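Me: I am new to reading protein models, and I would like to go through one step by step. Could you walk me through it?

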Amino acid sequence: MDLIIRRAVLTTHIAHRDEPVDIGIDGDRIVAVEPRLAAAAREEIDAAGLLVAPPFVDAHFHMDATLSYGLPRVNASGTLLEGIALWGELKPHLTQDALVERALQYCDWAVARGLLAIRSHVDVSDARLLAVEALLEVKRRVAPYLDLQLVAFPQDGLLRSADARPGGRPLGGFDNLKRAIEMGADVVGGIPHFERTMADGAESVRLLCEFAAEKGLRVDMHCDESDDPMSRHIETLAAQTHRLGLHGRVAGSHLTSMHSMDNYYVSKLLPLMREAGVAAIANPLINITLQGRSDTYPKRRGMTRVPEMLAAGINVAFGHDCVMDPWYSLGSADMLEVAHMGLHVAQMTGVDAMRASFDAVTVNAATILGLEGYGIAPGCYADCVLLDARDPIDAIRLRAARLAVVRRGRVVARSPAARAALSLEGRPAEVDFKLSR
Ligand SMILES: [Zn+2]
């Protein structure tokens with residue numbers, strides 16, 4: 001074999017019950033997962049009872065804006081409105097080279113964090129489609145080490161950005177989106193709550209779902225990213241998904257209005273989403289900071305109903321959404337930070353719920369992206385992360401160091417464990433923040 005990772009604890013393992021396993025890798029695939037694998041390999045890694053997880057997957061990101069922090073100025077108020085204004089100021093100055101360079105740098109950070117698959121929305125509102133070209137170039141260049149999936153995203157609205165002149169092209173926004181798909185974008189995006197009216201929003205959902213069905217594509221819309229309880233485009237998205245047989249291929253991103261919806265209405269909505277196989281992507285870091293801004297007190301949490309959707313059998317992932325861009329000044333490609341925030345905002349502190357928060361940045365997100373060969377099992381791609389933690393809950397608690405990141409059987413990143421040296425009389429010389437028993 002080429003590589004064996006010895007004494008690994010898997011995400012499905014329970015401490016003191018399950019014996020650690022050895023993971024045997026040949027070429028770019030996992031070929032064996034069993035205790036005390038009787039084989040030799042060119043290279044061995046001793047996991048020493050620590051967690052080996054499949055790579056982190058970010059189901060919702062904006063790579064065309066990332067790492068633009070400070071360009072042309074910082075978001076002084078930290079609000080959504082200033083962020084949108086800032087993006088408008090920045091857009092005319094974007095160059096393809098700068099977009100590619102920033103995205104590649106972000107992908108370096110991602111790999112270092114064991115984040116090996118990202119679904120990024122890319123703004124198609126600009127008729128030049130500069131960002132689409134740039135991110136297609138990035139997708140090609142990072143392919144050996146990171147799966148980048150691109151969503152054609154009409155940030156300024158599909159119908160709202162259309163040329164309204166008599167005789168003009170009635171669906172200018174749609175033309176851009178279709179061209180982006182022809183160029184190689186993978187997924188159909190949308191932003192129904194940003195159209196001029198509820199009716200236009202519903203119409204945009206219908207048009208986009210029909211287009212996706214015709215082309216055999218997945219759909220992922222920014223949907224109901226608002227505190228308005230009457231923003232109910234997710235209902236239309238679920239209905240169109242069901243009507244067109246797109247089950248399992250559609251995701252609603254953000255869905256923050258659901259937080260404020262009437263409980264009885266939600267009790268009807270969740271079964272509709274489940275019936276249509278529509279997945280949900282919550283973005284806890286961003287929405288806890290951007291939503292509820294017009295509230296005084298009590299202030300609403302800006303996150304959709306994650307535990308309730310999970311209980312209803314709906315697939316839910318957590319996305320990072322933004323890192324150091326006009327909308328969010330923080331972040332470092334750490335999906336454990338995302339899971340940590342999601343867990344807190346949703347009060348997912350039960351044992352199963354904490355583990356579900358880890359799934360929301362790994363396997364649940366991989367399902368939404370439709371990743372092939374994802375997981376720690378024979379036949380899967382040899383992609384994994386060795387974390388300095390004993391289980392997924394500890395990984396979230398510590399935002400654990402990625403001791404080794406493996407892509408297609410090759411170690412592509414290593415980080416040192418987090419340790420602090422102490423100089424205290426009668427106390428240990430070092431702490432690693434793990435329970436010592
Ligand atoms: Zn977004």
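Me: Which order do the strands of the open sheet of 4 strands with mixed pairing have?
Reply: Start with the ground rules. This is a predicted model, where local features need pLDDT of at least 70 and side-chain atom pairs count only at pLDDT 80 or more, while totals for chains, interfaces and linings use all residues. Residues are numbered from 1 along each chain as its sequence is written. Helices (H or I, at least four residues) and strands (E, at least two) are DSSP runs, numbered from the N terminus. Two strands pair if DSSP finds at least two bridges between them. In this sheet, the order is β3-β2-β1-β4. The edges are β3 and β4 (43-46), each with a single partner strand, so one side of each has no neighbour in the sheet. On average, neighbouring strands here are turned by 15 degrees against each other, direction ignored; for such angles, axes are lines fitted to C-alpha atoms (for helices over the stretch in contact), and angles run from 0 to 180 degrees between N-to-C directions.

Me: How many bridges join strand β2 to strand β3?
Reply: There are 5 bridges between β2 (residues 21-26) and β3 (residues 29-34), and the two strands run antiparallel. To find this pair by eye, look for aspartate 22, which stands opposite glutamate 34 in β3. The two strands form a hairpin with 2 residues between them, and glycine 27 in the turn has a positive phi of about 60 degrees. On to another pair in this sheet: β1 (residues 3-8) pairs with β2 in the antiparallel sense over 4 bridges, and isoleucine 4 stands opposite glycine 24 in β2.

Me: What is the order of the open sheet in which the pairing is antiparallel?
Reply: That sheet has 4 strands in the order β5-β14-β15-β16. Its edge strands, β5 (51-53) and β16 (410-414), each pair on one side only. From one strand to the next, the twist averages 20 degrees. Going through the pairs, β5 meets β14 (residues 384-387) over 3 antiparallel bridges, with valine 52 opposite leucine 386 in β14. Then β14 pairs with β15 over 4 bridges, also in the antiparallel sense, and leucine 387 stands opposite arginine 402 in β15.

Me: Which way do the residues of β14 point, and are they buried or exposed?
Reply: Burial is a matter of counting neighbours: a residue is buried if 20 or more other C-beta atoms lie within 10 Å of its own, exposed if 12 or fewer, and partly exposed in between, with C-beta atoms placed from the backbone. Cys384 and Leu386 point one way from β14, Val385 and Leu387 point the other way, and all are buried.

Me: How many of the residues of helix α10 are buried?
Reply: An α-helix has 3.6 residues a turn, so residues three or four places apart point the same way. In α10 (residues 335-345), 9 of the 11 residues are buried, so this helix is largely enclosed by the rest of the structure. Among them are Met335, Leu336, His340 and Val345. After α10 comes glutamine 347, whose phi is positive, near 55 degrees.

Me: What domains does the domain assignment give?
Reply: Domain bounds come from an automatic or database domain assignment. Here the assignment gives domain 1 (3-54 + 375-421) and domain 2 (56-369). Their centres, taken over C-alpha atoms, are 31 Å apart. Two residues are in contact if their C-beta atoms, placed from the backbone, lie within 7 Å. The contact takes 17 residues from domain 1 and 19 residues from domain 2. On the side of domain 1 that touches domain 2, α13 (392-398), β15 (402-407) and β16 give two or more residues, and the largest share, 4 residues, comes from α13.

Me: To finish with the whole protein, how many helices and strands are there?
Reply: The protein has 13 helices and 18 strands. Of its 437 residues, 50% count as buried. The C-alpha atoms fill a box of roughly 75 × 45 × 45 Å, taken along the principal axes.
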